[in-house]
Amino acid sequence: MSDIIKSSPSLIEMTSLNFHYPKTKIDVLQNINLTINQGDYIAIVGTSGSGKSTLLSILGLLNQPTQGNYSILGTNTTRLTQSSISLIKNHEIGFIFQNFNLLTQLSVFDNVALPLTYNPQVKRAQYRNKVLKALHQVDMGDFIDRSPDQLSGGQQQRVAIARALVNEPSLILADEPTGNLDSKNSLQVFDLLERLNIQGKTICLITHDDAYAQKAKSIWQILDGKLYTEGNHKTVGQGSV
Amino acid sequence: MTYKLCVDLIVNWLKQMTNNLSFLLVILFLAFPISILINFQLIETSYLDANFAGLSKDSPIRNSVLVEEGKSQPLPYYISQEIENKWPVKSVYERSISFEVRNESSKESKLISFISGGFKSLDIKPLQGSLESMEFPKLGQELVAAISYIEWKKHLKTTKNVIGKKIQINNKTVTIVAIMPENFISFREHQTTSFVMPYKQLPELLDDVDYSITPDTYSYLIGNNQVFDSLTQDITLYLQNEALLLEESDILINRAIGVNNQKYLTVSKRIYLLKTLFWLLLLFCFIAFNNFYSGECAAKQQEYKIRAFCGASKVNLLVQRFLDMFLTVMLVIVFCIFCLPLGHYFVQLFLPQVSMEEVRTNFSQLLNIISYLFFCVLFFMSIVFLIQEKLIKTTFGRGQSASFSQKVQSYTLLALLLSLTTIALYSSLLLLENQRSIFKTHLGFVDENRFVVTFDFPEIRSEILQANNTAQLLLQQLVSNPEIKQAAITSMPPLSEKTSYSQWFSTTGESIGTGAHGNTTEDTISADYFTTLGTKILLGNSVDSLKPMNIVVNQALWDRYFTDQTLADAQLLNVNTMNGEKTAYRVVGVIENIYISGPDTQIEPTIYSPVFALTGFEGLVIESQISAIKLTKIVAKIIKTLDVSFNGIHIVSLSELIEKEHQPRLAILKVTLTATVLMFIAAIVFCFSTIKQLTDKNARELALRYCEGAKLGSLIGREYLFFIIVFIPIIMGVVTLFTLKSDLLQKLLVGTSLFNITAITLIGICILLLVAISLGYHIKQKLRFAWLSLS
Ligand SMILES: Nc1ncnc2c1ncn2[C@@H]1O[C@H](COP(=O)(O)OP(=O)(O)O)[C@@H](O)[C@H]1O
Ligand SMILES: [Mg+2]
């Protein structure tokens, strides 16, 4: 798989992609064409219900497009088996959600180590180093033994980011990562994402906050299931709150 | 890969469990009643295990007893004959008595078992010799016996030709024809038999012509297991149709070999009751467990979803699902095993009649039960998980609305749980009330400073010395001792489990006492028995040793047979066992009822007749201020001077006996309290947790209504109304079921009315209040942060 990454110039390619949820007829996504290269930092904005999360779920291989092509690392995803999809999710994609999705009954350490369980290349003995490294990246190295319950929202989101980073994926998908955070913590999270992008991670961000969207290298807007590119930041401003 | 995955998953599971104390607690709740039920099961099998008689678990033998008015007795001959005619079974009698056994070198009192055959069917093979002549003894022929293995090893191992050897039993010559197998210890538990003899030869040994079945005889049926099944079903009805059995009487066929029937019946009745109670408790805990586990399943599904984001494949998740379930079931099992000793302790508390040292743990049976349990729990949990998977849609949002069906489901479970609690609380209240009244019952005697003196069953049946004055002499000597205030002779001292029967009829020919077979309880006493015990004489006088034809009866007898008569012309007829002649006796007094075997037993119509000569069967009642040990010395000394064979003197204070008699009832009280407290705590916990789960799920809807201007009170009221609508039909159903099954409880609560609407309503209101409080609390909590659920 790593051979493919090097030989392909673009990380993700979507061509004339359509999607509708099972049992519904309306296409939530229509004729999407999107290319994301290694090292990109893109933001997707749009009103509530416009299909941002749906697009992200396809990017993250949680849903399959009903029409069109989606290639990741040069591989057409329609031809992938379930187990290789799981492997790609595990190795190449890190997810960040609005509501953190941490397991409260496990410690910070175990939460961050979760993706390592499904990575056959990592031995149990390596867990500690990898987890610590990821936690240090998000400045949470001192909280390994805490339970997520005992952390503030911002700290929880940073732990969730560490979990997304632990397998050193090339793509990070963030669905309104600051939706549950105050401005101070939000700022921290965006700084973190910027730093990660500088370190070479590709980032795809969904946000409704205009100001934060500006931090991305390029902005896309989704409107009624159609994707428009926004070279000029100033015209974007219809985000939902 | 798979190995690492499994290790990771197991480690994570363990970590999650140690952080999930409430789940551990719920499992403990579940494990406790299970472990108690396992203990009951073990007791039952151990109790029915008759390997002391060299019998295996499926030996084709059944204990058979006639139960009349709650009292068990061996099958009368005419009934066992009828059974033999109707079904392909053989009836067998067994009685164990001590006799003096003499051979060239020794003279000792030994236990002899008299058995009327069946060795061949039971596969009891002698070590040497043959049991043929034991099986079919011919009357008038030489007396034969089989020596037990232990006896043979102890005394006759070195002797050659044991078979054919002659010994003296009760001064009769008996020939040894066989050596019993090594695994035959006795036909009764906790006894060691030295010789086995044919039951038919017992009268000859006793020099009795007509030999009737004594209450200490055990009757059995030997046949095959299929026959027993049909027999057990049809026998009572058949005999009643043939007019051989009274309506209220019953023939019981069970596996209790060699155990005291009365004790067996009490113990098995108690076990049955306790088992019912704990099954109920288990059901309760199961509902609670299910309730909690459903919540866990929802959390699990959320976890699986998160894991899927982290790259878990479907196979991985399947493996985890299996592991989660398997480990949880194992945890339940481990908890059960750890609870077993605790259960053992509690069972001991609940069943003081069974000494737990006698209960041998049968490990293969335990293993069976546990594996059975494993599959049951696994099956159950899979079902719950599947249902939850169908019901719950995992959402990653915050405020949610509980769906109607979810609400109905949760409230139904809660209502069921609370209804059961209501009934449980009510039952235990009844039980407490009943115990209070039993403790208050006047026993018909005073126990302070009173002692009961009993002697061992006389080993040698000496010729009864008629017309001697030993009784008078004994009493004189006792009372002349300065330490003894009063003393009296009785054949049935209170609470000493001694009984004596004879046959009495009323002048109209009605048989006095229990059943049609003319067993009347008769106590042979000295004149001052009632004053010694402090029993009130309601009418007339006590018996008089100079007036042998005067008797005294108790109130129960008087009320039943002499309703409108005066004492002056009250008479009863006694049947002479030798010639069947009836003699009239005058009733000269009526005394208050004496609860001879405790306050919760039925009072038998009893006749008190004067004692003349001592036979060795009597007991004494003494009033004295000194200790039992000192008294024993004094009495023993006096007994020695008399020409009566009393063996093994036992003196117990009456207060001690009363205390011992209270024990089983106290045990029931303890069970009830334990179970009730357990149920009540569980009910409170689950009421709170269910309502919390529901309000959490319902947060958005509640918040919305709140913001739209609904008052807090009306929000709580709305939920409460919903609950009550679910609760009312369920509690009515449960109460109806309780009413239908109430005969179970009725047996335990002699003389207490079962239905007290006020009490049951009061408890119901308390429970409803509990729900109201927890609803109010949780909704208020949720609304404080209403904006969080909406923004
Ligand atoms: N599981 C689903 N089944 C059917 N329709 C869905 C489902 N999830 C979302 N939708 C619909 O798809 C559209 C896009 O939703 P989503 O991508 O979540 O929007 P957003 O841009 O707010 O993230 C919405 O109109 C929503 O109703
Ligand atoms: Mg969304």
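**Salt bridges and the chain interface**

Reader: Is B:Glu132 buried, exposed or partly exposed?
Author: The relative accessibility of B:Glu132 is 44%. Buried means under 20% relative accessible area, exposed over 50%, and the range in between is partly exposed (1.4 Å probe, protein chains only). So B:Glu132 counts as partly exposed.

Reader: What kind of model is this, and what is left out of side-chain values?
Author: This is a predicted model: local features need pLDDT of at least 70, side-chain atom pairs count only at pLDDT 80 or more, and totals for chains, interfaces and linings use all residues. Residues are numbered from 1 along each chain as its sequence is written, chains are lettered from A and ligands numbered from 1 in the order in which they are written, and side-chain values rest on heavy atoms, leaving out hydrogens and water.

Reader: Which residue meets B:Glu132 in a salt bridge?
Author: A salt bridge is a side-chain nitrogen of Lys or Arg within 4 Å of a carboxyl oxygen of Asp or Glu. Here the N to O distance is 3.9 Å. The partner is B:Lys120.

Reader: How many residues apart are B:Lys120 and B:Glu132?
Author: B:Lys120 is in the loop between β4 (107-115) and β5 (128-129) of chain B. B:Glu132 is in helix α4 (residues 132-135) of chain B. Helices (H or I, at least four residues) and strands (E, at least two) are DSSP runs, numbered from the N terminus. The pair links distant parts of the chain, and the separation is 12 residues.

Reader: What is the relative accessibility of B:Lys120?
Author: B:Lys120 counts as exposed. That is because its relative accessibility is 66%.

Reader: Which residue forms a salt bridge with B:Arg188?
Author: The closest N and O atoms are 2.9 Å apart. The partner is B:Glu94.

Reader: Why does the pair of B:Arg188 and B:Glu94 tie parts together, and how many residues apart are they?
Author: B:Arg188 lies in the loop between β8 (172-179) and β9 (195-198) of chain B. B:Glu94 lies in strand β3 (residues 90-102) of chain B. So the pair ties together parts whose separation in sequence is 94 residues.

Reader: What are the relative accessibilities of B:Arg188 and B:Glu94?
Author: B:Arg188 counts as buried at 8%. B:Glu94 is buried too, with a relative accessible area of 0%.

Reader: How many salt bridges does the rule count over all chains?
Author: Some are linked in a network, made up of B:Lys300, B:Glu303, B:Arg307 and B:Asp324. Across the interface of chain A and chain B the rule finds 2. Over all chains the count is 13.

Reader: Which residue of chain A forms a salt bridge with B:Lys15?
Author: The closest N and O atoms are 2.8 Å apart. B:Lys15 lies in helix α1 (residues 2-19) of chain B and its partner in helix α4 of chain A, so the pair joins two chains. B:Lys15 is partly exposed, at 32% relative accessibility.

Reader: What is the area buried between chain A and chain B?
Author: In contact are 26 residues of chain A and 28 residues of chain B, where contact means heavy atoms within 4.5 Å. Buried area is the accessible area (1.4 Å probe) that two parts lose on being put together, summed over both. Carbon and sulfur atoms give 56% of it. The total is about 2,400 Å².

Reader: How many residue pairs are in polar contact across this interface?
Author: A polar contact is a pair of N or O atoms within 3.5 Å; within protein, one must be able to donate a hydrogen and the other to accept it, and residues adjacent in sequence count only if both atoms are side-chain atoms. With both residues at pLDDT 80 or more, the number of pairs is 12.

Reader: Which element gives the most to the side of chain A that touches chain B?
Author: The elements giving two or more residues there are α3 (82-92) and α4 (108-117) of chain A. With 5 residues, the one that gives the most is α4(A).

Reader: Which residue makes a polar contact of 2.4 Å with the side chain of B:Glu522?
Author: B:Glu522 sits in strand β16 (residues 520-525) of chain B. It counts as buried, because its relative accessibility is 13%. Its side chain makes a polar contact with that of B:Ser609 at 2.6 Å. At 2.4 Å the partner is the side chain of B:Ser502.
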